[in-house]
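Take a walk through this fold, from the whole chain down to single residues. Have the sequence and the coordinates at hand.

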Amino acid sequence: MHPEAMKHKASLWDGDYGTSRHITDVHWEGDITQEELISVADQISSDWQTIDLELDPAHPCHGNTYRLQKSWPNLLDEAYALRTLEAEDELEGTFVWVHCCKRVYDDAGELEDEGGRTYHQVFNTVMFCLEFVTFDDIAAQCDDYFGPDGWDEYDLYLDDDLPEPIAYCQ
């Protein structure tokens with residue numbers, strides 16, 4: 001039998017296979033990736049937790065058990081992503097000053113990171129100003145100015161938060 005003519009089935013469950021409510025079955029012909037199957041399942045019901053796959057009897061792997069479990073996002077990661085989106089929404093369209101810095105690890109350093117390593121923090125002397133779009137855009141600009149390995153972190157300052165300059169160079 002030609003692989004494109006094989007008919008496969010996936011059963012969607014709202015818990016563990018066989019011990020929870022059966023939502024529905026999905027049938028398709030030919031190959032499908034896990035990502036495509038998960039996308040189809042999400043379109044049918046957001047309640048699914050397990051997908052039980054049954055391959056066409058003519059398929060060489062017929063009879064093997066295949067199950068996909070829905071992976072739930074880490075709540076801390078989800079909360080961080082939400083805070084990031086909220087911050088981006090609040091800053092969008094405002095002008096910000098970006099100050100990049102590089103950590104130089106040194107036993108005699110005056111600062112200590114979470115891992116207990118001491119370091120000096122070296123600030124690049126060039127600050128730049130741009131209209132904020134996303135944090136990824138800021139990182140790309142830092143890469144452009146200092147190279148991908150030329151900085152470790154950056155500080156953002158709103159244009160209004162900076163003090164009045166004490167001198168001008170023209």
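Predicted model: local features only at pLDDT ≥ 70, side-chain atom pairs only at ≥ 80, totals over all residues.

Residues are numbered from 1 along each chain as its sequence is written, and side-chain values use heavy atoms, leaving out hydrogens and water.

Start with the fold. The protein chain has three helices and eight strands. Both are DSSP runs, numbered from the N terminus: helices are H or I with at least four residues, strands are E with at least two. Along the sequence, the pattern reads β-β-α-β-β-α-β-β-β-α-β. The chain has 170 residues, and 24% of them count as buried. Buried means under 20% relative accessible area, exposed over 50%, and partly exposed in between, with a 1.4 Å probe and protein chains only.

Turn to contacts and surface. A contact means heavy atoms within 4.5 Å. Among contacts between residues at least 6 apart in sequence, 52% join residues at least 24 apart. The chain exposes about 12000 Å², and carbon and sulfur atoms supply 51% of this area. Accessible areas come from the Shrake-Rupley method with a 1.4 Å probe; for residues, only the protein chains shown count as cover.

Now the empty space. Rolling a probe the size of a water molecule over the atoms shows where such space is left. A pocket is an open set of points on a 1 Å grid over the protein atoms alone, where a 1.4 Å probe fits, with protein on both sides within 12 Å along at least five of seven lines; lining residues have an atom within 4 Å of a point. The largest pocket holds about 270 Å³. Its lining has 16 residues, and W28, I32, L53, L55 and Y66 are the closest to its centre. Volume here is the space filled by probe spheres set on the points, which are joined across faces, edges and corners.

Which elements supply at least two residues each of this lining? They are β1 (7-13), α1 (34-44), β3 (50-54) and β4 (66-69). The largest share, three residues, comes from β4. By type, the lining divides into seven nonpolar, five polar and four charged residues. Ala, Val, Leu, Ile, Met, Phe, Trp, Tyr, Cys and Pro count as nonpolar, Asp, Glu, Lys and Arg as charged, and the others, Gly among them, as polar.

Strand β3 also contains E54. E54 is partly exposed, at 41% relative accessible area. Leaving out residues up to four places away in sequence, E54 touches H8 and K9. K7 is 47 residues from E54 in sequence, with 9.3 Å between their C-alpha atoms.

Next, helix α3. Residues 135-146 make up its 12 residues, and it reaches 16 Å from first C-alpha to last, close to the 16 Å expected at 1.5 Å a residue. The expected span is 1.5 Å times one less than the number of residues. G147 follows α3, with a positive phi near 85°.

Beyond four places in sequence, I138 touches V96, V98, L130, F132, Y154 and L156.

Finish in a loop. A108 lies between β5 (95-105) and β6 (111-112). A108 is exposed, at 59% relative accessible area. Its contacts, not counting residues up to four places away, are T118 and H120.
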